[in-house]
Amino acid sequence: MRILLTGASGFIGQHLLQALLAEGHHVVCAVRTPKTSTDPRLSYVHADFTKDTDKSVWLARLSKVEAVINTVGIFRESGSQTFERLHLETPRALFAACAESDHVRMVIQLSALGADREADTRYHLSKRAADDYLASLPVRAWIVQPSLVYGKEGTSARVFKGLASMPFTLRFGSAPQLVQPVHIDDVVGAILALLRERLPMPPGVTSLRVPLVGPEALPFTDYLARLRGAMGLGRLRVLPLPGALARLMAACGRWLPGGLLDEEALRMLDRGNTGDPAVIARLLGRPLKTIDEFVTDPRTERTLAKLTWLLPLLRWSIVAVWIATAIVSFGLYPVEASYELLARTGIPPALQPLMLYGAASFDLLLGLGIAFLPRRRWLWLAQLALIGFYTVVIAFKLPEFLLHPYGPLTKNLPMLAAIWLLYELEEDT
């Protein structure tokens, strides 16, 4: 079968792409940055969900395409990537093109559990509006609605394992907050089964909504506890937060880059995220993976989980060091004493103010850069060079700091090691 797959670079899309190719399908990936493929069964076309809201654009891409799978989705808006555009306007144009195509005979829409009549968040409402539009068209459509999807390389799974590995976790409010996690392998297997039409539609029906959930519903903090146990860690300590404080933290969460918690996420969590697993079990024809089977390499996943919060903690501690050093140098430490130290290193009096305040300003900029710049590898190298230079000069010119019983200079060694670690683990993007 020739299949158009959108969102092929995303977490679910990547897994689905490999599974489709393994099944022998020909896949056309609609992506913003097309690649060159050596596989004759795989090709790429340029598509931009922030712009492609015209049906004619999609009709041109559906030549000889028999099935369309839309996996595009975002959890939080950013710039031109809005719920309205990515979840509704562009999918609506795609679905309308599918209905007019002479070749497309089925559409699979990756929606979300909770995109129903009780939806009250912009995320769920935008998904529901696209689902309803697809269901109104004269084209065979399956609207799959997954719960929390687990895959060890998935963003949410990494965050949840990180939360589970911390010394304690927070429980936001008093709602049951039920979730029903499903493994990525089961989600992909169910979609492949739908392509084989293992779920027949009743006569006169052209669309079905299919919940994709795991075999067990449980409170979210219990889910974290199960992940913690699977990673070989001890009991999870849970700190309950009153509802008002939970809502306040969620309101602040919207401003944190990369964070998953905001007011809408908290409302979705409070509402719960569960469904009937009978349909997906029927599609798969085998037992669903349980939470205890999610973690396959406890030692490695435990280490990576801890790094998700230990590395930011280390990074922000270094931010604090640079900013505190700048503030102290700007005047908390007696300026005349600073000038005396500079004089002993060979700095002439005329240059001492420039060196003092210039170095303090540079320290401040380093701290702010580490805190806010998205690309930091060069900053780690700059710090290594700067601290190394300071250490050598002070060791020779101010030896009392090298021989001091509190070791103010030798403490640069763990600082250098920490910065080197952050440099090595920084994603070069």
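**A note on the second largest pocket and its surroundings**

1. Helix 13 contributes the most to the lining of the second largest pocket, giving seven residues. Helices here are DSSP runs (H or I, at least four residues), as are strands (E, at least two), and both are numbered from the N terminus. A pocket is found on a 1 Å grid over the protein atoms alone, as an open set of points where a 1.4 Å probe fits, with protein on both sides within 12 Å along at least five of seven lines; lining residues have an atom within 4 Å of a point.

2. Before going further, a word on the model: it is predicted, so local features need pLDDT of at least 70 and side-chain atom pairs count only at pLDDT 80 or more, while totals for chains, interfaces and linings use all residues. Residues are numbered from 1 along each chain as its sequence is written, and side-chain values use heavy atoms, with hydrogens and water left out.

3. Which residues lie nearest the centre of the second largest pocket? They are Thr325, Ser329, Asp363, Tyr390 and Ile394, out of 30 lining residues. Two or more lining residues come from each of helix 11 (298–332), helix 12 (335–344), helix 13 (352–372), helix 14 (377–397) and helix 16 (412–425).

4. The volume of this second largest pocket is about 1300 Å³, where volume is the space filled by probe spheres set on the grid points, joined across faces, edges and corners. Its lining has 22 nonpolar, six polar and two charged residues. Ala, Val, Leu, Ile, Met, Phe, Trp, Tyr, Cys and Pro count as nonpolar, Asp, Glu, Lys and Arg as charged, and the others, Gly among them, as polar.

5. Turning to the whole chain, you will find 16 helices and 13 strands. The C-alpha atoms fill a box of roughly 90 × 50 × 40 Å along the principal axes. Of the 429 residues, 44% are buried (under 20% relative accessible area, with a 1.4 Å probe and protein chains only).

6. Ser101 is worth a look, in the loop between helix 3 (83–100) and strand 5 (106–110). Ser101 counts as buried because its relative accessibility is 13%. Beyond its neighbours within four places in sequence, Ser101 is in contact (heavy atoms within 4.5 Å) with Leu59 and Leu62.

7. Finally, an unreviewed UniProt entry lists residues 3–197 as "domain: NAD-dependent epimerase/dehydratase". That span is 37% helix and 21% strand, and its end C-alpha atoms lie 15 Å apart.

Conventions
Buried < 20%, exposed > 50% of the residue type's maximum accessible area, 1.4 Å probe, protein only. UniProt positions renumbered as here; feature names shortened; annotations may be inferred.
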